[in-house]
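Q: I have the chain open beside me. Can you take me through how to read its features, one at a time?

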Amino acid sequence: MKQLRKHIREEISRLMAEEKYAAPQEITDTLKMVLKLNPLVRYVNYTKAVNSIPPSYEIFLVNGTSFFLIYESFSL
């Protein structure tokens with residue numbers, strides 16, 4: 001029972017940390033609404049701005065894979 005309580009407390013603290021996620025609002029909205037990665041802290045490890053044309057962000061997932069979100073004139 002103690003392990004379950006500990007796990008629940010850790011999960012709650014992870015979910016609360018999502019408010020402090022350091023990514024632009026457009027990126028977090030796309031990840032949550034379009035890609036259905038909600039809550040972010042469960043799926044996304046961190047993001048990294050990529051200095052490219054067009055501007056983009058590399059999204060690193062918890063399972064070790066990554067992908068790019070690219071700003072284009074018509075969408076992300």
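Predicted model: local features only at pLDDT ≥ 70, side-chain atom pairs only at ≥ 80, totals over all residues.

Q: Which residues of α2 are buried?
A: Helix α2 spans residues 25-34, and its buried residues are Ile27, Thr28, Thr30 and Leu31. Looking down the axis of α2, these buried residues fall within an arc of 160°, so they line one face of the helix.

Q: What covers the buried residues of α2?
A: To read cover, look for contacts, meaning heavy atoms within 4.5 Å. The cover on the buried residues of α2 includes α3 (40-43), β1, β2 (56-61) and β3 (66-70).

Q: How far apart are the C-alpha atoms of threonine 47 and isoleucine 27?
A: They are separated by 9.4 Å, while the two residues are 20 residues apart along the chain. Isoleucine 27 is one of the buried residues of α2, and threonine 47 is in strand β1, residues 44-50.

Q: Is threonine 47 buried or exposed?
A: Threonine 47 counts as buried because its relative accessibility is 18%, and the cut-off for buried is under 20%.

Q: How do the helices and strands follow one another along the sequence?
A: The protein chain has three helices and three strands. Read along the sequence, their pattern is α-α-α-β-β-β.

Q: In which sense do β1 and β2 pair?
A: The pairing of β1 and β2 is antiparallel, over six bridges.

Q: In which sense do β2 and β3 pair?
A: β2 and β3 are also antiparallel, with five bridges. Here serine 56 has isoleucine 70 in β3 as its bridge partner. The hairpin of β2 and β3 has four residues between the strands, and glycine 64 in this hairpin takes a positive phi near 100°.

Q: Why does serine 56 count as buried?
A: In a regular strand the side chains alternate between the two faces of the sheet. Serine 56 is in strand β2. Serine 56 counts as buried because its relative accessibility is 6%.

Q: Which residues does serine 56 touch?
A: Leaving out residues up to four places away in sequence, serine 56 touches Lys48, Ala49, Val50, Phe68, Leu69 and Ile70.

Q: What should I look for in the backbone angles?
A: Most residues other than glycine have a negative phi, and most peptide bonds are trans. Lysine 36 is not a glycine, yet its phi is positive, at about 55°.

Q: Where does lysine 36 lie?
A: Lysine 36 is in the loop between α2 and α3, just after α2. Lysine 36 counts as exposed because its relative accessible area is 60%.

Q: Which peptide bonds are cis?
A: The bond from asparagine 38 to proline 39 is cis, with omega near 5°. Proline 39 is in the loop between α2 and α3. The bond from isoleucine 53 to proline 54 is also cis, with omega near -5°. Proline 54 is in the loop between β1 and β2.

Q: What do the totals for the protein chain come to?
A: Of the 76 residues in the protein chain, 28% are buried. The accessible surface is about 5900 Å², and 57% of it belongs to carbon and sulfur atoms. Among contacts with a separation of 6 or more, 31% are between residues 24 or more positions apart.

Definitions and conventions: Residues numbered from 1 in each chain as written. Heavy atoms only, no water. Helix = DSSP H or I, 4+ residues; strand = E, 2+ residues; numbered from the N terminus. Buried < 20%, exposed > 50% of the residue type's maximum accessible area, 1.4 Å probe, protein only. Arc of directions from axis to C-beta. Areas by Shrake-Rupley, 256 points an atom, 1.4 Å probe, with all protein chains shown as cover. Pairing = 2+ DSSP bridges.
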